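Work through the exercises below with the structure open. Try each task before reading its solution.

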Amino acid sequence: MPAPLSFAGTPASVGYAEGPLFSLDRSAGAYVAKGSEKGERAALEAALAGASARLESLIGEAADDAAEMLEFQLAMLQDEALTGPAFAAIEEGAQADDAWGACLEDEIAGYETAEDGYFRARAADLKDIRDQVLHHLTPHGAAALPAGAIAFGDDMAPTRFLEIDWSQGGGIALSAGSAASHVAMLARARGVPMVVGLGVGLETNGDPVLLDGENGRLVLDPSDQEREAFRARSAAFAERRASAEGYLGRPAATACGTAVRVMVNIADPSEVDRIDASHCDGVGLMRTEFLFGGARGLPEEETQYEAYRRVLSWAGDRPVTIRTVDAGGDKPVSGLTQAESNPFLGLRGVRLSLARPDVFRVQIRALLRAGAHGSLKVMLPMVSVPEEVARARALFAEEAARLEAEGVAHAVPPLGIMVEVPSVAVMPESFLDAAFFSIGSNDLTQYVMAAARDNASVAALSAASQPAVLRLIAELARFAAARGMPLSLCGDAGGDPTIIPLLLKAGLRELSVAPAQLALAKAAIATTAL
Ligand code: PEP
Ligand code: MG
């Protein structure tokens, strides 16, 4: 049977690339044991220093966004909390390479399977750090990829991405990987087409391939006909993108002039540095889980306050909706979440925050203090019953009273809820105390359709375009309009040009989308007759 020549994956960075397929792997040599504890310790120290020096030189050359990520890696590499266990293992007789690999394995394992960007990004950073140090412990072959190549591998480290010259084109095809990883973020920022989750191992010998980062396909050994169709799609995409850019600077409106507010979803506060605030109506969702990931433990009040304040000052008068930590489910946080047999139905989101008031109060204080610096709204994730909102509100009131007594500047923000559990979507009248509703279509869809959001084999079921999901959204929109409840949608469906017309027809007038989707979302709104 001939081998299949076309593979489907997940689009991670849109665009089209045509070029020779080359492997990302570098040939690794074997580690040479040093024969003494002292020798192993010195080898690891030298490798850590070598990896740090390389990061420092990359930081010197990198653009702001990449430099920030590299600085994070450098800080991790120099953090004794991370490196300590490896030196302890050497003391107990391990070799430097085994000690270092094992020490990072536990850290990585917790984050590797997470679906969301901030956690995948942390896992990818940790893997990157692990490999950089291992690279310094073992001799390696040459790393260069020819200009314009399509790089193929299991996953890709962000530093590997930064080593490659993308100025001649090229793209990335990964058999695993995640559309929400740091490297995918870099690829989107640089306009490098990328497809992840291809699920195949391939011989990479420089043969010409086609990479379709819009539809998530890799075609090997294309026929003339396939090549022609690919080039036509690529040209049409370039045209669509160029005309969509024209919508960026204008307020969003449908073809019939109905105004639609379009906001952005962010996680790391540094993301706002690449967004022109005048292109959006504010931040519809700031995920705060990124603050809780990594090896540094739970974040302090000051760290959180600075992160929130940075986004508020970027937004000026525009509203910024910050979501309290949505740990649990597919987002484990060490020191906060526990292993559960069915984490999507377990102690996640506001349920976990209420179960850990010690952690929740720190976030609440940071939010109250940040509230004094802009138009802040706070949103609770995974609300299921009205009591959860009441208990969270009481905690906000208690912490506000404490700050008042301490003479610390603060402001109590409007407290809204995510509508992502069907119990809320079905009985919104029980939640009229909330200041606003924001539909989390990713989770709402998985719970309505009983189809996990992270399981590719039920992806067709876990789609917000399913009629049952759209009916619930339309009913929510009717309810909100009748009761004067502000309503938006911040799930991924809001940025999908194929679903946007359905959401607008269901009655939504406020969407929050990934920054990279802003132009195409505004263009999709503009071409919807409504
Ligand atoms: C959602 O569920 O749609 C949502 C926006 O939240 P998250 O993807 O972070 O769970
Ligand atoms: Mg959600």
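The exercises cover the ligand site and the cavity.

This is a predicted model, in which local features need pLDDT of at least 70, side-chain atom pairs count only at pLDDT 80 or more, and totals for chains, interfaces and linings use all residues. Residues are numbered from 1 along each chain as its sequence is written, chains are lettered from A and ligands numbered from 1 in the order in which they are written, and side-chain values use heavy atoms, without hydrogens and water.

**Exercise 1.** Find the residues that surround ligand 1 and sort them by class.

Solution. 
- Step 1: Collect residues with a heavy atom within 4 Å of the ligand. There are 17, and R287, R323, G440, N442 and R453 are the closest.
- Step 2: Sort them. The shell has nine charged, four polar and four nonpolar residues. Here Asp, Glu, Lys and Arg count as charged, and Gly is among the polar ones.
- Step 3: Look for the main contributor. Helix α14 (residues 441–449) gives the most, three residues.

**Exercise 2.** Which residues line the largest cavity closest to its centre?

Solution. 
- Step 1: Take the volume. The largest cavity holds about 70 Å³ of space.
- Step 2: List the lining. Of 15 lining residues, R287, R323, M418, E420 and N442 are closest to the centre.

Terms used: Helix = DSSP H or I, 4+ residues; strand = E, 2+ residues; numbered from the N terminus. 1 Å grid on protein atoms, 1.4 Å probe; cavity = no way out; pocket = protein on both sides within 12 Å on 5 of 7 lines; lining within 4 Å. Points joined across faces, edges and corners; volume = space filled by probe spheres on them.
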